[in-house]
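Biologist: I want to learn how to read helix packing. Can we go through one case together?

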Amino acid sequence: MLNIFITILVLMSIVLSIIAGTSQSLSTAILEGANEAISLGLSLAASMALWGGIINVAERAGIVSFLTKLIKKPLRLLFDNINDEQVLSFISLNVSANLLGIGNAATPLGIKAMKELNKIDGCSGKNTAMFILLNTASIQLIPITVSGMRLSHGAQQPWDCTIPTIITSLAAFITGSIIINAIYSKIEHKIRRKVR
């Protein structure tokens, strides 16, 4: 559906550009946009390679596994009825990768965690919703991607977004948690009323 929408937008812009007589400006903008996209991609790749290497060193030094063990305990409070250590390990690895700002590593771990969540008998939709929220809020102690983008666009201090990133991520997570708990408490209340 999104592909169709984007295709329609591109075709409309081309047609309107021809009608308005600004096709030269459109072709210049297309070429400049492609050039900027490649430059941005290369600078982000360099940033990800650097931090990916640092994370690999941290992983071999045992820092990542320590962080994972540290995160498992609070995660038990967020996820109801999950006693499976493997599921909690995948979830905590995913959260650890997000905390360290390596979203590329977090994605496959998140997919594994979601598959394992779906296998658990009696796993409520609340656990799935909480896991999606945890990934969407993406609380990062080291916002590598945002800082890399700021650096590529000429920011003097690309890392000064760290504290605002943490604050907004935490605010999004807290707000989402309140909403999820409110929705699922109503659902559970309705189920209890039907059982009686």
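Modeller: Axes are lines fitted to C-alpha atoms, for helices over the stretch in contact, and angles run from 0 to 180 degrees between N-to-C directions. Helices (H or I, at least four residues) are DSSP runs, numbered from the N terminus. This is a predicted model, where local features need pLDDT of at least 70, side-chain atom pairs count only at pLDDT 80 or more, and totals for chains, interfaces and linings use all residues. Residues are numbered from 1 along each chain as its sequence is written, and side-chain values use heavy atoms, with hydrogens and water left out.

Biologist: Is the crossing of α4 and α6 left-handed or right-handed?

Modeller: A crossing is left-handed if the near helix is turned anticlockwise from the far one by less than a right angle, and right-handed if clockwise. The α4 and α6 crossing is left-handed.

Biologist: Which residues of α4 and α6 meet?

Modeller: Contact means heavy atoms within 4.5 Å. From α4 come I91, N94, V95 and N98; they meet F131, L134 and N135 of α6. The contact residues divide into 4 nonpolar, 3 polar and no charged. Here Ala, Val, Leu, Ile, Met, Phe, Trp, Tyr, Cys and Pro count as nonpolar, Asp, Glu, Lys and Arg as charged, and the others, Gly among them, as polar.

Biologist: How many residues of α4 are buried?

Modeller: Buried means under 20% relative accessible area, exposed over 50%, partly exposed in between (1.4 Å probe, protein chains only). In α4, 11 of its 15 residues are buried, so the helix is mostly covered. Among them are I91, N94, V95 and N98. In α6 the buried residues include F131 and L134.

Biologist: What follows α6?

Modeller: S138 follows α6. Its phi is near 45 degrees, a positive value in a residue other than glycine. S138 sits in the loop between α6 and α7 (144-152). S138 is buried, at 16% relative accessible area. Not counting residues up to four places away in sequence, S138 touches N98 and S169. After α4 comes G101, also with a positive phi, near 80 degrees.

Biologist: How do the axes of α6 and α8 cross?

Modeller: The axes of α6 (residues 125-137) and α8 (residues 162-195) come within 9 Å and cross at roughly 165 degrees. That makes α6 roughly antiparallel to α8. Their crossing is right-handed. Residues in this contact divide into 9 nonpolar, 5 polar and 1 charged. Among the residues that meet are M130 and L133 in α6, and F173 and I180 in α8.

Notes. Helices (H or I, at least four residues) and strands (E, at least two) are DSSP runs, numbered from the N terminus. Angles under 35 degrees count as roughly parallel, over 145 as roughly antiparallel, 65 to 115 as roughly perpendicular and the rest as oblique.
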